[in-house]
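Please have the sequence and structure open while reading.

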Amino acid sequence: MKFLHLLSWLLPATLCFTACKSSKSSADAAAIDSSLVCRVVFNADSAYHFAQKQCGFGPRTPGSAANKSCGDYILSQFAHFGLTTSVQATTVTGWDGTKLPCRNLLAQYRPEAKERVVLAAHYDSRPWAEQDADSANHRLPVLAADDGASGVAVMLEVARNLAALNPAIGVDFVCFDVEDYGAPYWAPEEARNNENTFCLGSQYWSAQAAAQNYRPRFGILLDMVGGRGNQFRFEGYSMKYAQSVAVRLWDAARYAGADNFFVADNGGFITDDHLPMNTIAGIPTIDVIAYNPDGGFPAHWHTTHDTMDNLDPATLRAVGQSLLQLLSQEK
Ligand SMILES: [Zn+2]
């Protein structure tokens with residue numbers, strides 16, 4: 001990502017209550033109903049392994065052999081965990097006119113269930129590390145341990161645990177391709193000003209979802225959910241379209257002991273795969289993305305340092321356990 005809008009927004013009054021509550025974890029302990037705490041444990045080492053496997057293919061840039069092999073690996077893992085998998089293939093056009101093969105990977109848990117939720121992340125790597133401190137690296141691809149592999153890794157570990165969790169609803173997983181091919185600084189101004197050069201796979205998926213009248217209860221997008229020190233805040237579009245989902249996930253994080261990762265604060269407006277999910281597919285979807293209004297995206301973002309050694313199993317656990325908690329509470 002991401003075309004970042006540096007607009008700030010005010011926390012609605014209804015959220016101040018949640019925000020104040022969430023910032024006092026010790027005082028909050030008494031408010032947790034222990035009978036609701038999810039007993040299924042998200043294994044952070046397993047999630048870390050899923051990220052490592054993806055990075056082992058090398059940068060998964062659109063159209064590359066590594067992208068294809070990694071996609072096949074991801075599908076095989078979902079299938080191994082008993083999910084029904086399929087591929088949504090198309091061709092999209094990048095900002096530079098390049099025709100790019102695009103394979104969105106789909107996996108369904110309990111495909112027969114009418115009531116569903118959707119989890120999503122992108123699995124492609126950015127072809128250009130244009131934020132690298134060394135300009136000689138700007139046209140090298142990003143390994144995308146955090147900005148790509150981490151979200152899929154969390155989803156795979158959630159999927160591995162679904163049989164034990166036995167949620168009351170069906171769960172759909174979508175791994176988007178061609179998220180991170182957006183225009184770099186050397187692109188023509190028109191392309192740089194066009195936020196739609198990112199998220200090409202999710203734009204296609206969202207149009208198909210709308211055409212098929214796909215109506216899950218809500219969606220949660222994961223992006224940069226594994227970096228050491230990453231924290232998550234209320235992102236603007238998420239609050240605009242799916243505020244109740246955000247509030248519930250932040251509360252689930254409190255139950256999961258992850259409230260130091262989920263900060264009840266303003267997270268700016270970020271164009272990411274959740275935007276077409278909201279505006280094209282009409283699915284209320286939030287973005288769980290590492291962003292700090294003071295420091296911006298993580299230091300390794302779109303650099304050659306987005307590597308496995310900057311991932312932390314504790315971050316993966318915080319996100320994964322919060323998701324299991326949330327799914328366990330869906331009735
Ligand atoms: Zn990115």
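Just after α4, G82 takes a positive phi of about 95 degrees. The model is predicted, so local features need pLDDT of at least 70 and side-chain atom pairs count only at pLDDT 80 or more, while totals for chains, interfaces and linings use all residues. Residues are numbered from 1 along each chain as its sequence is written, and side-chain values use heavy atoms, with hydrogens and water left out.

Helices (H or I, at least four residues) and strands (E, at least two) are DSSP runs, numbered from the N terminus. Helix α4 spans residues 65-80, which makes 16 residues. From first C-alpha to last it reaches 22 Å, close to the 22 Å expected at 1.5 Å a residue; the expected span is 1.5 Å times one less than the number of residues.

Several residues of α4 are buried, among them A66, N67, C70, Y73 and F78. Buried means under 20% relative accessible area, exposed over 50%, and partly exposed in between (1.4 Å probe, protein chains only). The cover over the buried residues of α4 includes helices α3 (44-56) and α5 (145-165) and strands β2 (84-93), β3 (99-109) and β5 (170-176), where contact means heavy atoms within 4.5 Å.

## Salt bridges

Side chains of opposite charge can pair when their charged atoms come close. A salt bridge is counted when a side-chain nitrogen of Lys or Arg lies within 4 Å of a carboxyl oxygen of Asp or Glu.

| Pair | N to O distance |
|---|---|
| R116 and D172 | 2.8 Å |
| R217 and E330 | 2.6 Å |
| R248 and E330 | 2.0 Å |

Strand β5, part of the cover over α4, holds D172. This residue forms a salt bridge with R116, which lies in strand β4 (residues 116-122), 56 residues apart in the chain. Both R116 and D172 are buried.

E330 has salt bridges to R217 and to R248. The pair of R217 and E330 links the loop between α7 (200-211) and β6 (219-223) to the segment after α10 (313-328), 113 residues apart. R248 sits in helix α8 (residues 236-255), 82 residues from E330. How accessible is E330? At 5% relative accessibility, E330 counts as buried. R217 is partly exposed at 29%, and R248 is partly exposed at 36%. Together with E115, the residues R217, R248 and E330 are linked in a network of salt bridges.
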